[in-house]
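Let's take a walk through a protein model together. Have the sequence and the 3D view ready, and keep finding each spot as we go.

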Amino acid sequence: MVLRKLSIAMLGLLFVATSQAPLFGADDAGSKKLLKLLSKELHLERSELSVEPLENTCLQSEFVEDVSRVFQGDKAIGFVVSAVGKGRYDTFNYLVYYNEDREVELVSVTAYYSDHGNEITSRRWLHQFNGYDGGDLDYGDEVQAISGATLSASSIAKGIREITMLLQDCNF
């Protein structure tokens, strides 16, 4: 049931996330899957996109796993952060893509293992984070509440807020 609710692009990344392979950098398959997701979601040619892992010195957080710079040709167009959240019993993985102004343009849950709370994988629900650039992001106020997914939804909202604030302070 969980898999039916994931988009095809998210399913491609599910293998990478569940196999414990790194999403960025040395794992060429992971980078290809990431570029496929970004090209589809951002409506860009995959052949024009590339990612370059960044040293994660200023994004120290319990949520952040990896961070990369995204390029279209030679031009930097944004950042993508691989993050982890916590539901009631299980963790889950998600990506946040930021434009050069450090505004959220895309959030995608790449792996969700729990039987409950999978509503947070909905593109419709995740779309509410697009345009976020800091400030309040409280679950139930600025973030739409989901019955049965309180912990997962709160975790992703808290993670996106913290990552955004840290990224804005980074000098990448």
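## A sulfur link

Start with the link of C58 and C170, which is right-handed, with 120° about the S-S bond. It's a disulfide, S to S 1.8 Å, and the structure holds one of these. The term stands for a pair of cysteine sulfur atoms within 2.5 Å. What does the pair tie together? C58 lies in the loop between β1 and β2, while C170 is in the segment after α5, so the link ties together parts that are 112 residues apart in sequence.

Buried means under 20% relative accessible area, exposed means over 50%, and partly exposed is in between (1.4 Å probe, protein chains only).

## Where the numbers come from

This is a predicted model, where local features need pLDDT of at least 70, side-chain atom pairs count only at pLDDT 80 or more, and totals for chains, interfaces and linings use all residues. Residues are numbered from 1 along each chain as its sequence is written, and side-chain values use heavy atoms, with hydrogens and water left out.

## The nonpolar cores

In soluble globular proteins, nonpolar side chains tend to be buried together. Here, the largest nonpolar core has 31 residues, and Y94, F129, I156 and I160 touch the most other members. Such a core is a set of buried Ala, Val, Leu, Ile, Met, Phe, Trp, Tyr and Cys residues joined through side-chain atoms within 4.5 Å. The elements giving two or more residues to this core are β2 (64–72), β3 (75–86), β4 (91–99), β5 (104–112), α4 (123–126) and α5 (150–169). α5 provides the largest share, six residues.

Now click on I156. Which residues is I156 in contact with, leaving aside its neighbours within four places in sequence? They are F92, Y94, V107, V109, W125, L126 and F129, where contact means heavy atoms within 4.5 Å. There's also a second, separate core of 13 residues, and L42, L49, V51 and V80 are among them.

## Strands side by side

Next up, the strands. β1 and β2 pair in the antiparallel sense over five bridges; two strands pair if DSSP finds at least two bridges between them. P53 has S68 in β2 as its bridge partner. β2 and β3 also run antiparallel, joined by eight bridges, and V67 stands opposite V81 in β3. The hairpin of β2 and β3 has two residues between the strands, and in this hairpin G73 takes a positive phi near 65°.

## Loops worth a look

Two residues other than glycine have a positive phi: H43, near 55°, and R102, near 65°. H43 is found in the loop between α3 (28–42) and β1, and R102 in the loop between β4 and β5. Which is buried and which is exposed? H43 is exposed, at 72% relative accessible area, while R102 counts as buried, at 14%.

Finish with S61, in the loop between β1 (49–53) and β2. S61 counts as buried, at 17% relative accessibility. Leaving aside neighbours within four places in sequence, S61 is in contact with E162 and L166.

How values were computed
Helix = DSSP H or I, 4+ residues; strand = E, 2+ residues; numbered from the N terminus.
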